[in-house]
Amino acid sequence: MADSLASTEQASQERAADVADSEAVPEEVPEAPAPEISYDEQFYPARPRQLRPRARRRPWTPGQPPFEADARNPVYVEWLRNQSMLGDAKVIARQLSGQASMWQNPFAYPNPRAAVERASVWFTAYPLSLITGPAQTFLAALGDPGLWQAFEQIGIKAIHTGPVKLAGGLKGWEHTPSVDGHFDRISMAIDPLFGTEDEFRAMCEVATEHGGTIVDDIVPGHTGKGADFRLAEMNYRDYPGIYHMIDIPESDWHLLPDVPDGDDSVNIDADTERALQQAGYIIGELQRVIFYEPGVKETNWSATRPVMDTTGQMRRWVYLHYFKAGQPSINWLDPTFSGMRMVMGDALHSLVDLGTGALRLDANGFLGVEKSAEERPGWSEGHPLSEAANQIIGSMVRKVGGFTFQELNLSIDDIKATSETGPDLSYDFVTRPAYHHALVMADTEFLRLTLRQAMEIGVDQASLVHAMQNHDELTYELVHFITKHKDEVFEYDGGELTGAELAHRIQQDLRDGITGEAAPYNLVFTANGIACTTASVITAVLGIKDFSAITVEDVDRIRRVHLLLAMYNALQPGVFALSGWDLCGMLTLDRSKVADLLSRGDTRWINRGAHDLMGFNPSAQASAAGMPKAKALYGTLPEQMEDEDSFARQLSRILAVREQHGIAKSGLIDVPDVSHRGMLVMVHDLPSGDREVTVLNFSDQDIAGTVRSELLATGAEVTDAFSGEPVGTVDDLHSFYIQLEAYQGTALLVVAPEPEEEGDGEASEGANRA
């Protein structure tokens, strides 16, 4: 009876708080002044200003009141509510509801070519690793006009900022640091470590002035353990509905493991997972355990310590986390729809308050989970709920004039399915490990196989973001081959292998080629891939084992191979993305410099070395976030722009050819067989109606051979797009001859002969007979 009375009292308090929330919105949020020019104006100049969506979240500066951090303390609960993302989402949504501005854009279907048209070359930033001026924030550095002038010269049209909002967790009144590079978001507020909201808006304005845009992040799959999670643990109002979390009655706490002193939760082992499943509490084992590590993460479930709720009752919860324990997963099909409301609010805050033009959806393939048949893992990957949730997110973003891209490392089939209704673009997990394998093995067979698989399944290459290094490892999970197609037989290297066998072989090739004795400066990262930079992959391939022994001649060779990899990514349809680690030619960090970070099992910190892109602070040995500076082979952008042979200047010429001929908006129509195993040929249908052929040599040998494709018209003239010089003519076998030096690539224009006018053939025949 006492519990019932307490629940009634709590419900009454919550209803009153709901009323207070709805009444407070108009007073809390002043009308936001419109900027002088926005991303929306750049692309929709004729749209009336009043029809552009805009809204502001609640202004809030958290402090630490001198009261106990106790769920029964209304001041503490209110303190948490004022920081919660769900609370901000309510405020933003209320300002936009019923406004004409929400009905000005088509939103039902993804439009990848429209997204590519807006910005086809992106710079991928990482807040923790960018060295800024002595008194300059990360966001101020990205809004620097000098940086955007350099980007204009190179051909870069957008910056993907990476996550810059507050992340980590709360322990009482105290903020705890991020456990996953700020992908464990806990607030819509900008982390002061990276700058302010005003600096973010100013960055968006500078980007617009230079014909560019800003790409931000949302994380629809999980949060950190911030105010929203702490309120959920307290069973407060709608907050438990945000997460996949189950309230375990005290009578069954004996099923749960003890939580170590100082921790707020503990990962459960497989036996506990089965026991809780059999007791009817959780769905149990899922299809895979990401970041699996014995004794640290053996399942996708963790149990909380006993937590007091707002009525004084002690509770223990078991919650789902696909990734780390500090990243509780969001429930997209709870009756309160709290998780959905929170994510939508975060997206709208970025687009209509801060002024971004696009959003990355992080780990958005894990938005649905369902109990499977007895003795079978729970269904999580490729679930229809993920497709439905992505459709809602993508539609909402398009509704306010933006676009989205997904980082979805699933099978090619699932990428195709999600792209039909959800995000406009998808990260290229299809060929990223394959083109590295082509370089390591000097053999493009597996790369050609993956490109053809994507074509057969129907993935449009123009819908992919072809990226070089980012903050993550070189991912080689090869999910397509190791899950849905694990038993399918593929022809490879003169024999037949199942998908699973093929994946294991490719993974081993990469481990042997770029880690261990071949490259002690690169490290394996769990079962996901290899911690490395693009430059450190290349040094391994070139046989360089010691960074201190790199010569000027070596740097020239590294740059040549680096430009080949840039050509692969840039000279095909879709978005081309690269990072500061690529632009500066960064090597991996000595592991001793990040020993504390590596001690937690995350080896990726060696590939996240700090870099001074613009020479803002030459004497700095670390970023403002404390990331140690790594060795740069190419120098700063201002230095490179003065050197015709630099990586950045040569890259600008590649991007100029890409832009001039509309390669980004072309269509991949053929990946033919090749006359040398190190050669790759991709045939594209250009918007002009002509054909473009990208030919690359992934080997260290000069090669000569024939390019042949049935889709090349006999008699067509072949011209080098870089030099303008003729290469040859397509013969009767639909082929032409080409020579390439080691690690060289090119783009070739293939222009078909003008069709003969009617009657020309008969006149010619008569002349011949005469």
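This is a predicted model: local features need pLDDT of at least 70, side-chain atom pairs count only at pLDDT 80 or more; totals for chains, interfaces and linings use all residues.
Helices first. Two packed helices are described by the angle between their axes and the distance between the axes. Our pair is H18, residues 534-541, and H19, residues 552-570. Their packing angle is about 120°. Their axes are 10 Å apart. Angles of 65 to 115 degrees count as roughly perpendicular, and those over 145 as roughly antiparallel. H18 and H19 are therefore oblique to each other. The crossing of H18 past H19 is right-handed.

Who makes the contact? From H18, look at Thr-534, Ile-538 and Thr-539. From H19, look at Ile-558, Val-561, His-562 and Leu-565. Sorted by class, that contact has 4 nonpolar residues and 3 polar ones. Charged residues: none.

Now the aspartate, Asp-424. Find the loop between helix H13, 412-419, and strand E15, 425-427. Asp-424 sits in that loop. Is Asp-424 buried or exposed? Its relative accessibility is 3%. Buried means under 20%, so Asp-424 counts as buried.

What does its side chain reach? The backbone nitrogen of Thr-404, at 3.1 Å.

Now the surroundings of Asp-424. Leave out residues up to four places away in sequence.

Technical notes. Residues are numbered from 1 along each chain as its sequence is written. Side-chain values use heavy atoms; hydrogens and water are left out. Axes are lines fitted to C-alpha atoms, for helices over the stretch in contact, and angles run from 0 to 180 degrees between N-to-C directions. Helices (H or I, at least four residues) and strands (E, at least two) are DSSP runs, numbered from the N terminus. Angles under 35 degrees count as roughly parallel, over 145 as roughly antiparallel, 65 to 115 as roughly perpendicular and the rest as oblique. A crossing is left-handed if the near helix is turned anticlockwise from the far one by less than a right angle, and right-handed if clockwise. Contact means heavy atoms within 4.5 Å. Ala, Val, Leu, Ile, Met, Phe, Trp, Tyr, Cys and Pro count as nonpolar, Asp, Glu, Lys and Arg as charged, and the others, Gly among them, as polar. Buried means under 20% relative accessible area, exposed over 50%, partly exposed in between (1.4 Å probe, protein chains only). A polar contact is a pair of N or O atoms within 3.5 Å; within protein, one must be able to donate a hydrogen and the other to accept it, and residues adjacent in sequence count only if both atoms are side-chain atoms.
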